[in-house]
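These are my notebook entries on a single protein chain. I record here what I looked up, one topic at a time.

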Amino acid sequence: MYFVMIPFVFVSLWLVQDDRIARISSAIRLIPDFPKPGIIFQDITTLLLDPKAFQDTIDVFAERYKDKDISVVAGMEARGFIFGPPIALAIGAKIVPMRKPKKLPGEVISEEYSLEYGTDKLEMHVGAVQPGERALIVDDLIATGGTLCAGIRLLERVGAEVVECACLIELPELK
């Protein structure tokens, strides 16, 4: 539902036809019943322990974005901080962290978004992104899309163009 209403392309690594995807996928550990019964947690820490799979992950994303004139990679808290910086370096863009409230020093703008039970906020430094810059949002996983939508709204409020949102893992069953 979140992605029907907003004008951007969501890209998941699983949509890419590439032999490296099997290696990346097999490096992600599935943990049943975590953090609560019925949930199958997709643990990326095992991917980070496999230098080849981690490099493949960064390479696949960097290859997709190297010629898209992206000047900003927005890394979503917290695992977007892992994937965002190497992607930004590979494509020659700056990295802009998007964080939960009261984590960034200095002046910030914030965007509230809905959770299953309540709301949360996402913040970004004022002046980190300039009007007209082309941005990529990076996170490890997309569930309902609420956090990504808040990131899009933050970037659009400062006049940036969001090119795509890139996530390593998609949970399509959550729609």
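Entry 1, order of elements. I read the chain from the N terminus and found the order β-α-β-β-α-α-β-α-β-β-β-β-α-β. The chain has five helices and nine strands; helices (H or I, at least four residues) and strands (E, at least two) are DSSP runs, numbered from the N terminus. I note that this is a predicted model, in which local features need pLDDT of at least 70 and side-chain atom pairs count only at pLDDT 80 or more, while totals for chains, interfaces and linings use all residues. Residues are numbered from 1 along each chain as its sequence is written, and side-chain values use heavy atoms, with hydrogens and water left out.

Of the contacts (heavy atoms within 4.5 Å) between residues at least 6 apart in sequence, 64% join residues at least 24 apart.

At what angle do helix α3 and helix α4 pack? I found about 50° between α3 (residues 51-65) and α4 (residues 80-91), with their axes 9 Å apart. Axes are lines fitted to C-alpha atoms, for helices over the stretch in contact, and angles run from 0 to 180 degrees between N-to-C directions. The two helices are therefore oblique to each other; angles under 35 degrees count as roughly parallel, over 145 as roughly antiparallel, 65 to 115 as roughly perpendicular and the rest as oblique. Among the residues making the contact are Phe54, Phe61 and Tyr65 of α3 and Phe83, Pro86 and Ile87 of α4.

Of its 26 residues, Leu47, Val73, Phe83, Leu136 and Leu168 touch the most other members. The largest share, six residues, comes from α3. A second, separate core has 23 residues, including Met76 and Cys165.

Where is Thr144 placed? I found Thr144 in the loop between β8 and α5 (146-157). Thr144 counts as partly exposed because its relative accessibility is 38%. Thr144 and Pro172 are 28 residues apart in sequence, and 8.7 Å apart in space, C-alpha to C-alpha.

Key. Core = buried A, V, L, I, M, F, W, Y, C linked by side-chain atoms within 4.5 Å. Buried < 20%, exposed > 50% of the residue type's maximum accessible area, 1.4 Å probe, protein only.
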